[in-house]
Amino acid sequence: MNKRDYFSVRTGKIIPNEIIDLKVLKKLFLLIYKKIENDGYFQKHFGYYCVDQGEVAGELGFDLNDVMFIHLKKENLSPIPTQIENYSEDDLFDVLEFLYDYCSKGIDGYYHQHNGCGYHYEEFNDKEGQQYFREQINPILKDYSNGFELSTEGEILQLADSGLSHLFDADVPTADTENIVNKINNAVLKFRRYKSTMDDRQDSIRELVDVLEYLRPKAKDLLESKDEKDLFNIANNYGIRHHNEQQKNKYDVAIWHSWMFYHYLATIHALLRLINKSKK
């Protein structure tokens, strides 16, 4: 879905987040879902209807409601067009993640002409189907509430604060996967997950500080002594890494934890680039 802001949004007469509430999100999603289904992207797993053969089962069998109950532990989510009116936000996000897993692009088959029955696919490409699903869904998720996206792993994640999204997409300039790359990725995922708790976010900050600690010996050669100490003062004195009477705990956790996370993530990226530059 190619999406740009049109006149009323560009000129501030309509603010997207004031329009895209849950009711509107469900309506937009249903329009997209029907198009994707009509284009055959769910034939592989959910099957299809044929005017000659009737219901043709997909790999998951005939009863989608039972399959969704097995996966999502929730009843009455299917058929989607008739049940979506009753969806909560959690229900909708569960269904989006479920559909992502089972969206597959038809790449070979035949067109059944009788009564305009349509394409019946026999070969599929899962990755292309999932990519297409994300391309259709993410533009409407971006405008809902504080902004979300469906990741390449099929998880609903919160969007980055304005102007900081590049930190999530930037390459981590190191070959040390175990001690640096994996820890950064885990921290980012924990921070961005839908309905991540304050404890989750604190853990993600702690993990980033652990990466800084790992880089500390090299940082000492590149930074002034005071600057090097300041990198850890916030984490050590504001209830992130340790627990003692001297720590400061009377601060707005939601605001400051968000700032700390982006601060340390940006600092790690900067330090890694300084380290690489020093080697050259």
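Q: Which residues lie nearest the centre of the largest pocket?
A: On a 1 Å grid over the protein atoms alone, a pocket is an open set of points where a 1.4 Å probe fits, with protein on both sides within 12 Å along at least five of seven lines, whereas from a cavity the probe cannot get out. Lining residues have an atom within 4 Å of a point. The largest pocket has 25 of them, and nearest its centre are Glu37, Gly47, Tyr48, Tyr49 and Glu55.

Q: Which elements give two or more residues to the lining of the largest pocket?
A: Helices (H or I, at least four residues) and strands (E, at least two) are DSSP runs here, numbered from the N terminus. By that count, the elements giving two or more residues are α3 (22-38), α4, β1 (48-50), β2 (54-56), α6 (80-83) and β4 (118-125).

Q: What kind of model is this?
A: Residues are numbered from 1 along each chain as its sequence is written, and side-chain values use heavy atoms, with hydrogens and water left out. Local features need pLDDT of at least 70, side-chain atom pairs count only at pLDDT 80 or more, and totals for chains, interfaces and linings use all residues, since this is a predicted model.

Q: What is the volume of the largest pocket?
A: Rolling a probe the size of a water molecule over the atoms shows where empty space is left. Grid points are joined across faces, edges and corners, and a volume is the space filled by probe spheres set on the points. For the largest pocket, that comes to about 630 Å³.

Q: How do the residues lining the largest pocket divide, and which element gives the largest share?
A: Ala, Val, Leu, Ile, Met, Phe, Trp, Tyr, Cys and Pro count as nonpolar, Asp, Glu, Lys and Arg as charged, and the others, Gly among them, as polar. On that scheme the lining has 15 nonpolar, seven polar and three charged residues. Four residues, the largest share, come from β4.

Q: Which residues are closest to the centre of the second largest pocket?
A: About 530 Å³ of space lies in the second largest pocket. Its lining has 23 residues, and the closest to the centre are Leu157, Phe168, Asp169, Val188 and Arg192.

Q: Which element gives the most to the lining of the second largest pocket?
A: The elements with two or more residues there are α9 (166-169) and α10 (177-192). The lining splits into 11 nonpolar, six polar and six charged residues. Seven residues, the most from any element, come from α10.

Q: Why do the buried residues of α5 line one face of the helix?
A: Buried means under 20% relative accessible area, exposed over 50%, partly exposed in between (1.4 Å probe, protein chains only). In α5 (residues 64-72), the buried ones are Leu64, Val67, Met68 and Leu72. Seen down the helix axis, they line one face because they fall within an arc (taken from the directions from the axis to the C-beta atoms) of 110°.

Q: Which helices do the buried residues of α5 pack against?
A: Contact means heavy atoms within 4.5 Å. The buried residues of α5 pack against α4 (43-46) and α7 (89-101).

Q: Which residue caps the N-terminal end of α5?
A: After the other end of α5 comes Lys73, whose phi is positive, near 60°. At the N-terminal end, a side-chain oxygen lies 3.1 Å from the backbone nitrogen of Asn65, and that oxygen belongs to Asp63.

Q: What is omega for the peptide bond from Ser78 to Pro79?
A: Ser78 counts as buried because its relative accessibility is 13%. Leaving aside neighbours within four places in sequence, Ser78 is in contact with Leu64, Asn65, Met68 and Gln83. The bond to Pro79 is cis, with omega near 5°.

Q: What is the phi of Asn76?
A: Most residues other than glycine have a negative phi, and most peptide bonds are trans. Asn76 lies in the loop between α5 and α6 and is partly exposed, with a relative accessible area of 49%. Its phi is positive, near 60°.

Q: What is the phi of Ser145?
A: Ser145 sits in the loop between α8 (126-142) and β5 (148-150). Ser145 counts as partly exposed, at 31% relative accessibility. Although Ser145 is not a glycine, its phi is positive, about 50°.

Notes. Polar contact = N/O pair within 3.5 Å; in protein donor to acceptor, adjacent residues only side chain to side chain.
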